[in-house]
Every structure is written in C-alpha cells, then in structure tokens.
Amino acid sequence: MDQYEILIIAKNKDGIIGRILSLFNKRGYFVRKMTAGATNRAGYARLTLTVEGDELTLEQIQKQVYKIIDVVKVKIFPSKGVIRREMMLIKVKASNETRTQIIQIADIYRGSVLDVSSSSLTILLTGDEKKLDGFVEMMKSYEILEIAKTGILAMSRGEKM
Amino acid sequence: MEKKWIKGSEILLESLSRLGVDTIFGYPGGSVIPIYDALYDFKKISHYFARHEQGAAHEADGYARATGKVGVCFATSGPGATNLVTGIMTAHMDSVPLMAITGQVGSNLLGKDAFQESDIVGITIPITKMNYLVKDIKELPRIIKEAHFVAHTGRPGPVLIDLPKDIQLAEIELAEFEKLFTEDIQLEGYVPNYKGHPNQIKKAIDLIKKAEKPLIIAGAGIIKSKACAELKELAQTMDIPVTTTLLGLGSFPSSHRLSLGMLGMHGTVGANFATQEADLVIALGMRFDDRIAGDPENFCHLAQIIHIDIDPAEIEKNRMVEIPIVGDLKGVLKAINKKLTPRKNTDWVEKTLGWKKEYPMVYVKSSEKLMPQEVLEHLDTIVQGQAIVSTDVGQHQMWVAQFLQFTKPNTMLSSGGAGTMGFGLPAAIGAQVGRPEELVIAVVGDGGFQMTYQELMLIKQYQLPVKVLLLNNSYLGMVRQWQDLFLDKRYSSVNLDINPDFEKIGEAYGIKTVTLKTRSELEDQLEGLIKSKEPVIIQCVVEGEANVLPMIPAGKCANHMIGLRGVI
C-alpha cells in the first residue's frame, strides 16, 4: 500500500472535520494521520490527511471529498517537489547517567530539550517521518514514556499551492 | 412608524414559499409547535398531515419524483427526525431533491440529552448532500435558499435543516429579513459542471460514428436532466438500441422499436445479451451499480464505454471507461447530436430485435391461481403507459419493470438504490398530490404494504384517487425466491400466511377494497376499478411461488443468466 498526503481546504464550519472523516469511513479509506488548522484566509481550515490506498482509490477519495459542499480545494501531493514535516514531543526516562547521552543524541537530530526532571527528559523534534522514526529507534534503549506527534504537514515547493 | 417583526418559523414558511414550495408533508411534535402555529394561517402552503414521519419523507420524495420539483417534509426533533432517516436515505440513493426540515430542542438544551433531542445533523451526514444546524436566526434565510439550491442543482439530493425551537420563536425586523433574503448564497466549493468538455465530446462523437454495435444504457439522469427528447434523437439518428436501468424507465418509450427494456439482474434477455455483444456502450446518467453490472470487470466486456454523468465522482467509481464526460446530459447530448448525421445499423438492430422477439417476457400460467405477472400484464393493457406507477421493493417491483410499459418520464417511482420496502404507498400519495389529474397506481406487495399502510389515512382525508394494487402472495417473495434458488427452499421467516385481513384494513381506513382471486374476476373487474374516480385498494391474491425471471445471479454477468424463457 502506498501512502499519500491529501490537502483539503474547507470552510471552517461546525462539524466540517466530522463530515470529511465520516466520508472516509463510509468509503472504507484508512486515514493514518491528520493535521488541521487555520490558513492565511480567515474562515477556512486546512487539513492534511495521510491515507493509504492505491491510485484508483486515491482518485475516488479526491472526487468524493470534493463533493462535500464546504470543501473548496482538494489536492493530492505528488511524491516530489513537496516539503513534508512532522513534529514530535517525546518523553524518555533519564537518570544522572543517561541524561547527557540523550541530550547529545537529541543534538545530532537537532532536537531541543523542553523539559527536564530528575527522572525524565522531554524533547521536541521536527523533521520528516524517517528522521522521527530514527530518533524514536535511538530512544528505545532509554525507555520511552510518551510520544505525541502532529501528523504530517505538507506544502508544495515554489509559488503555487 | 411602528416596526414590523417576523419570527423564525414565519421566515421558514415565507422563504420556502418564495422558492416555489407550495406543498409540504409533515408530522407535528413538541419541537415544531411554533412552525405548525405559523402554518395555521399561512395560506400559500398546503400541509399534508402524514401518519408517520417515514411516510412524510416518502410522500415528499414521490412528489419530487413525479413533478421534478423539490419535495419538502417536516418532522419534530428526536424520534420524529430519526423516523425520516429511511426516507432521506432513499432519496439520497436515488438522487431525489428533498428538503427535510426538523425541529430541534432549544439551543440552551443542545448537548444535554434533553427530551426528544437527537443529533440529526450528525446522523444524516452520510445520507444528505448537505445539512445544517441553524444557530442564529439571521442565518436562516440564507440557509433555506442555499439548501434549496443545493437540493435541486447538479446531481440532486436530499438536504436537512435542523431548526432549534428558540430560533423558530426568535424575531427579527421584517425589513432585515427582506435584506437577508436578497443576500447571495455562498457556495464557493459547489460548482456543478453542466457543460461537458468539448474535447471529450468530440472523442465521443468519433466513437459513436465508428461503432458497429452501439448500445445506449439510459439511467435516471436522463429524466432528471429532462433530456428524453435528446436521447430519442440520438437513438433514432444513429439507429442505436436503448436499454434502461430501473429508474431510467420512462426516459425512452418502452413501445419504441429500438427499446430493449430494462437491463440487469432481472432485465430482459435482449438487453442483457446486447451488453455482451456491443462494441460501444453509451452510458447516460447511470452508475454501473451491482444490480446492473453484476461483475463490473466483465460487464460489456467487448465494448468501449462513453460515460456521461453530472457527478464526477461517478466516473470510474464502479467501472473503468474510455471516454468520461462530466456534464448535464441535456446539453452534452445536444452537442453530440448536432454533429451526427443519420445512419442505419441494420444488422445489429435486427439482431437485437431478434432477441426481443425470441425472448419476450413470459411466465407459466397456473391453472388455478392468478399469476402476479398476469395481473400486471392485464393492468398494462388497461393503462398502456398512461399512469404514474409507484412500487415497493421486491418481486412485484421487478414485475412492474418487466410487464408494464413506461412511455413518459417521471411516471416510474421506485426505490431503486435503497430498496426501501414501504415506499410505494406514500410515494403514490405524494405523486397524486403533485399531479392531481394523473392516474396514480401504487403496486405493492403484502410485505411492504404493512410497513407504511397507516398512510392510507391521507388518501381518505385528502380524497386522493390513488389506486393501490396489492399483489398478495403471502410471502416476502424476493427473499423466498433466493431461498428457493440458492438455499434449497429453506424458507426462513418469509412466510406471510398470517396476514391481516386487508379488506378490513381498507374498510377501517374508509377506502373501498376489492379482492380478486380468479382470472375471470381480474378480467371482469380490474379495468373498472382502475378507471374509477374513487380511491380503491385492489387486492389480488396470487400464486406464492412464482419467481422473477430471467435472472442473473448476484456478482455475475449476462452469460450466466437463468430462466431465459420464464422457467428454470
């Protein structure tokens, strides 16, 4: 199964996200990740959904989503020419012995330490999926306590949307 | 000068009226008391008092299908609203323009599980084209206009407006309402494409000119787009046989030389054979659903396909096609017809006519009992395509499609996509209200009739001359047929030997009810009863074990068709 990011811009009305997700459920599409937030135009919401499916399914997704009256734009991001970023907060167990090691690894990944306690560290990390996965892998030996991810944000390179 | 005020409930009625709505089907309740209070002296709208909200929804649906206008129904909050759900879903599946307006508990009670509160907007998201919860009386005029517009434009469909009681009671100045009503609707994300792409149209024309064995499949889209004349022109100019879907019946006259009747699971042999041999299929306003295409990959396997539909999401949803055209059929067909010059397809047309002749709709007559098919065959000789016929769902629905002619659009009212039992009677009531001069016949089975026959009361109350033709076979016939053919006659919960006395039911509702049991009774009485000025329930007691044939088993194609000559 291939993974795709779909950009949806919709009028930010009550229940719009429920409406969009209900459609994905109805048609049996699997949404792996989702981000939603405001855009540069007041009253509009921008959603980036990461979905799994084949190309034909994807074509259907695009058309079905566009049928929602309040949806004004739907776009499937191509694999190239697109910036993709995800943000992660990760809390790991840290003792006096391991704290420095963890901070050093976080530095390599350009993560920043947001919170320190006597027994834990909370690190903020931004990057593509691979980078985040790599960091999580590294942290496994220190006991991960909690992970929160934003889902993938995507934007085309260049001037066009 | 004294200021004039208008209430939310009055805005609702006034706005609907200005949009051309003069008929509403509904059922009152706690959360719509202000609306019904406003209706009390609102003279521009006639309200028909259903006896169950599902009935109101189907009545509005039948009204819409028969008139081509938007059907409107009212219900109260909670159970009133959820009782509309089946009706809304039915309209959604068949793309019927329907406005469902529900009362809601007061805004201050929303989300508190108040008495008769239900999240009807949430419940109906998947089965409406658009729905609204009104939060401010100032939004109301725009929402009503918008909902009405969405319901009947593009690919039509149902919309729902949920109106809290406090907003029905709130007031704004009349002058402000006038101003709000003239404001434009804002539907940035809704731009139906009516005009087909010129390049695609050109490609379609080239294919049509080259085809040696072309076939037209006409769906309900032809009727909704009012493109019957254009369809006829295309078929006649290029000498192309026409088959229709269930809901496409009436888009092309059954009596026409080029008509092959309905295709699909219980379609005619000729129509289904034609799909197997055609080299070009022109699919118009239909959606290759499983009752038509069976096995979509192998459906019309030799043909290139031109698919014209107003909904881009229908293109390649079920079947890959060579030439998709997104647009309104009337305009697209006009553009195509303009570039065509008459030609003959004698060999191919003769071949299809040969099938039609060799495999007419036949059945084995029983020596004692009336056959359901012969009742409809006899009905056809009486009405000859000059009636509006509604059906429920099941065997009788298929026999109506097989044995009655349909010569005009908006005359075949049936729940095609949803397959809703209990649709036939209320749909006929709605149709008769919308078209009082026409002969309206509800053909129903003894199963479905029991689901909504409380609506008979409207026939009496409003003196509607609806004819109910009840084919009583004391079975849930279609399920019984599947159990017969595929499950060794293990008749599980399909036997309706224990039925109510339908004559007494009719009598209880004050409607003349006649039972026909024999061939001579049928021949002597049916015509008089159908042509009577009064409403009549005609119960025909028919053979219980008759099967609908021919049949293509589910998931298969025409080469697996059984019962080509009416027997297996």
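These notes go through a predicted model point by point, from its chains and domains to its sheets and cores.

1. Overall form of chain A. Chain A has 4 helices and 9 strands, and its elements, read from the N terminus, follow the order β-α-β-β-α-β-β-α-β-β-α-β-β. Its C-alpha atoms fill a box of roughly 55 × 35 × 35 Å along the principal axes. Of the 161 residues in chain A, 23% are buried. When contacts in chain A between residues at least 6 apart in sequence are considered, 72% of them join residues at least 24 apart.

2. A hairpin in chain A. Strand 6 of chain A, which spans residues 112–116, is hardly covered, the count of buried residues among its 5 residues being 0. This strand 6 pairs with strand 7 of chain A (residues 120–127) in the antiparallel sense, over 4 bridges, and the two are joined as a hairpin through 3 residues. Within this pairing, Val113(A) has Ile123(A) of strand 7 as its bridge partner.

3. The contact between the chains. On the side of chain B, 14 residues are in contact with 15 residues of chain A. Helix 6 and strand 6 (130–133) of chain B each supply at least two residues of the side that touches chain A. By class, that side of chain B divides into 10 nonpolar, 2 polar and 2 charged residues.

4. Domains of chain B. Chain B is divided into domain 1 (5–182), domain 2 (198–358) and domain 3 (372–548). The centres of domain 2 and domain 3 of chain B, taken over C-alpha atoms, are separated by 30 Å, and 12 residues of domain 2 are in contact with 15 residues of domain 3. The side of domain 2 that touches domain 3 has 7 nonpolar and 5 polar residues, with no charged residues.

5. Helix 5 of chain B. In helix 5 of chain B (residues 85–93), the buried residues are Thr86(B), Gly87(B), Ile88(B), Met89(B), Thr90(B) and Ala91(B). What covers them includes helix 3 (53–67), strand 5 (98–104), helix 6 (120–124) and strand 7 (158–164) of chain B. Just after helix 5 of chain B, Ser95(B) takes a positive phi of about 55 degrees.

6. Strand 13 of chain B. Because 5 of the 6 residues of strand 13 of chain B (residues 304–309) are buried, this strand is largely enclosed by the rest of the structure. Strand 12 of chain B (residues 280–284) runs parallel to strand 13 and is joined to it by 5 bridges, with Val281(B) standing opposite Ile305(B). Strand 13 of chain B also pairs with strand 14 of chain B (residues 323–326), again in the parallel sense and over 4 bridges, and here Asp309(B) stands opposite Val326(B).

7. The six-stranded sheet of chain B. In chain B, 6 strands form an open sheet in the order 16-15-17-18-20-19, with parallel pairing. Strand 16 (412–413) and strand 19 (512–516) of chain B stand at the edges with a single partner strand each, so one side of each is left without a neighbour in the sheet. Inside this order, strand 18 (residues 467–472) and strand 20 (residues 536–541) of chain B pair in the parallel sense over 6 bridges, and the bridge partner of Leu470(B) in strand 20 is Gln539(B).

8. Helices against that sheet. Helix 18 of chain B (residues 395–403) packs on the sheet, where it touches strand 15 (388–391), strand 17 (440–445) and strand 18, and its direction makes about 135 degrees with that of strand 17 of chain B. Helix 19 of chain B lies across strands 15, 16, 17 and 18 of chain B and runs at about 175 degrees to strand 17. Helix 19 of chain B (residues 424–434) is mostly covered, with 11 of its 11 residues buried; among them are Leu425(B), Ile429(B), Gln432(B) and Val433(B).

9. Nonpolar cores. The largest nonpolar core has 191 residues, and Cys73(B) and Leu284(B) touch the most other members. Leaving aside residues up to four places away in sequence, Cys73(B) touches Ile24(B), Phe25(B), Gly26(B), Ala56(B), Ala57(B), Ala60(B), Leu84(B) and Ala100(B). A second, separate core of 12 residues includes Ala94(A), Ala106(A), Leu125(A) and Phe135(A).

Note on methods. Residues numbered from 1 in each chain as written. Chains lettered and ligands numbered in written order. Predicted model: local features only at pLDDT ≥ 70, side-chain atom pairs only at ≥ 80, totals over all residues. Core = buried A, V, L, I, M, F, W, Y, C linked by C-beta atoms within 7 Å. Buried ≥ 20, exposed ≤ 12 C-beta atoms within 10 Å, placed from the backbone. Contact = placed C-beta atoms within 7 Å. Domains from an automatic or database assignment. Nonpolar A, V, L, I, M, F, W, Y, C, P; charged D, E, K, R; others polar. Pairing = 2+ DSSP bridges. Axes fitted to C-alpha atoms, helices over the stretch in contact; angles between N-to-C directions.
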